[in-house]
Amino acid sequence: MSVTADVAVVGVGPAGLAAAVAAAEAGARVAVVDAGNQPGGQFWRHAPESVREADGHGHHGWSTYLDLRARFDAARGAGRITYLPGLQVWMAERTGLPGSAEFVLRTTAAVASSGAAPATVAADRLVLCPGGYDRQLPVPGWELPGVMAAGGIQAFIKANGVLPGKRFVIAGTGPFLLPVAAGIAEAGGKVLAVLESSSPSAWLPHLGAATGVPEKALEGAEYAAVFAKHRIPYRTRSIVTEVLGPDKAEGVRTAKVDADGRVRPGTEREYADVDVVGFGWGFTPQMELPVALGVETRLDADGSLVGVVDERQQSSVPGLYLAGEVTGVGGATLAVLEGLAAGAAAARPDSHVPVKQPAAIARHRRFARAMHHAHPVPAAWQDWLTPDTTVCRCEEVTAGEITEARDSLGARDIRSLKSFTRAGMGWCQGRVCGFAAGCLGAGPGEMPDAGSLASSAKRPLAAPVGIGELAALDN
Amino acid sequence: MTTQPVTISFDGRPLTAAAGQSVGAALASQGITAWRSTRKGGKPRGLFCGIGVCFDCLVTVDGEPNQRACLVEACEGMEVEGS
C-alpha cells in the first residue's frame, strides 16, 4: 500500500497526536504511522479499546488526551488524517528529487499476527515524534527474569490492568519513579522501597525553574499522598547494588551512596521476597530516524543525544520537524506543546504564523533542565559493576570484556566497542546497553559524547524487517 | 465489547488470559517469568522493557518466530511457544 500526504507524522503519543491534529486543522493532508494499535503512545497507553473503554484511571493529562483524541478522530472522519497503526518505520529516506515527495517512509508490521499491511508513506514534510524509553545502568543480576524497566512496569499495568508480580523494589533516579511506584500500589502491589540515587537537596539550586511549572508540585503532592497511604519507603541517596537470583529475581542488595554515587561502606542491606525489580535512570530518546535523516544533534543536560530544532521545531534538515523526547527529555506536557508547534509549522512551512505558547514551552524546558541536573546519572556508577556483570543483554557481553576492549584495543566509542565485543549487535541494536557501553568506553566517571551516541543511533534498519519485504522494494 | 477471557496455549498447555491482555501479561500474571533461553549462556529471559524495545521477551506465535510477547495481544486459540 502507498500513501501520499503533505505531512507525515511518526508516533502518536503526546507529541505525535498533537502534531497530527495541529497539521490537519491547519489544512494539511496528514499520514500518521505508529507502532501501537491505538493512539496514546507509552504515556497514554491504555487497554485495547475493543475490550475496555478507557477511563483515564492512573493517567495524567487525560483531559488533554481526550481533547486531542476527539480532534484526531474528527480529522480522520473528515479524511484529513490517514491513520496507519501497528506499523513500525524501518527506513526513512529523503528523495532529493524535484517534483516528488521529499520524504519516504518504509514500514513493517510491529506484530506479525496483527495483519497490519506494510505501507510506504511519501510526504513533503515529516514530523518525527518517536518518544523514548527507560535508560538503563547495569548492575550485577539485572539480566535476571523479574527485572524490568520502570516504565515497562507502568506500561504493563496501564495496558493490561494487572501487575507483573506482587512485591516490588523500584530504583534509579528521577521523578518518574514516583508514578511508577504509586501505580503499582494503587493496583494492589506491595512496593517494598523506592531507591533514589539523588537527594531532594539537589533541587535547591533549581527552585526558580521548578516553581515555573507549579503543576509538577501538585503532581508531587499527589504521589506523596499515595506513598503515605501505602507506606512506601522512599530512600534517597540509595541504590540497588545487586539483584539476587539465581534463576529469577528473588531479592536485592542495596546501599547508601554519596553525592557521586559511591557506595558508603556499612550501609548495605538486603530485601528478600522481591519478585519484580524496576530500574529507570531517566530516558533515552529514540534517535535512529532523526540520525538516519541527518539532523544536527547535540548532547542534552541529561547526557542524551537529541535533535537540534528552531523555535518552530524544525531540525537542520528542511521540512523535517521533531517534537517530544527527541528534542530533549521533558515529559508529556512539553511534548504536546512541541507537537502542536511542529504540526502547525509543517502544515504551513512558508507562513510565519507565530508559535502558540512559546513561554510555556520555555518554562517546561527550564524545568526539564533542572530535573536533569537534580537527577544525574551518578558519576561513580561504573564502580557498581563487577567484571562479569552483563552489560549487553542480547549478546551477553560483560563489563570486563568492554573495558578490556577499551584498554587494549582503544575502543572508546559505542560503534568501535560493538565491532570488537559485539555489545549492541543483537536484537535491540544497542538501544538498551548503548549508553552504558558508551560510559564504559569513555572511562571511569565519564559519559559518551555526542559522536559516540550518534554512532550507536546510526542503524541501517530502524526496526527488524523480513527479507521478503526487503526483496519486495521496487527500487 | 469482548470481555470474555481467552484461552491460549503456552508450550502446549492451556492458559487463560483476560481479553485484551498481551501474551507477556498472560504469562507473567500466571507466574511465568521466563520463556526464552539466551543463545550464548542459556540464561532464562522474559519481559524487560515491556514496550517493544529490548526484544528480550521473544516468543513464537502460531509458528511465527521472534514475536515480542509484550506487544502481541493474546487471542483465542493462539499457540505460543518459548524458545
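**Close-up views of a predicted two-chain model**

The C-alpha centres of domain 1 and domain 3 of chain A sit 30 Å apart. This is a predicted model, so local features need pLDDT of at least 70 and side-chain atom pairs count only at pLDDT 80 or more, while totals for chains, interfaces and linings use all residues. Residues are numbered from 1 along each chain as its sequence is written, and chains are lettered from A and ligands numbered from 1 in the order in which they are written.

**View 1. Where domain 1 meets domain 3 in chain A.** Chain A is split into domain 1 (2-132 + 284-371), domain 2 (136-280) and domain 3 (381-457), with bounds from an automatic or database domain assignment. Here 9 residues of domain 1 of chain A are in contact with 7 residues of domain 3 of chain A; contact means C-beta atoms, placed from the backbone, within 7 Å. E17(A) gives the largest share, 3 residues. Helices (H or I, at least four residues) and strands (E, at least two) are DSSP runs, numbered from the N terminus. By class, this side of domain 1 has 4 nonpolar, 3 polar and 2 charged residues. Ala, Val, Leu, Ile, Met, Phe, Trp, Tyr, Cys and Pro count as nonpolar, Asp, Glu, Lys and Arg as charged, and the others, Gly among them, as polar.

**View 2. Chain B against chain A.** The contact draws 36 residues from chain B and 37 residues from chain A. Helix H1 (23-28), strand E4 (44-45) and strand E6 (64-68) of chain B each supply at least two residues of the chain B side. That side comes to 16 nonpolar, 13 polar and 7 charged residues.

**View 3. Helix H3 of chain A.** H3 (residues 150-160) is largely enclosed by the rest of the structure, because 11 of its 11 residues are buried. Buried means 20 or more other C-beta atoms within 10 Å of the residue's own, with C-beta atoms placed from the backbone. Among the buried residues are Phe156(A) and Lys158(A). Their cover includes strand E9 (167-173) and helix H4 (177-186) of chain A, together with H1 of chain B.

**View 4. Ala20(A) in the largest nonpolar core.** A nonpolar core is a set of buried Ala, Val, Leu, Ile, Met, Phe, Trp, Tyr and Cys residues joined through C-beta atoms within 7 Å. Of the 179 residues in this one, Ala8(A), Ala20(A) and Ala23(A) touch the most other members. Helix H8 (residues 332-347) of chain A brings the largest share, 12 residues. Not counting residues up to four places away in sequence, Ala20(A) touches residues including Val9(A), Phe72(A) and Gly343(A).

Terms used:
Contact = placed C-beta atoms within 7 Å. Buried ≥ 20, exposed ≤ 12 C-beta atoms within 10 Å, placed from the backbone.
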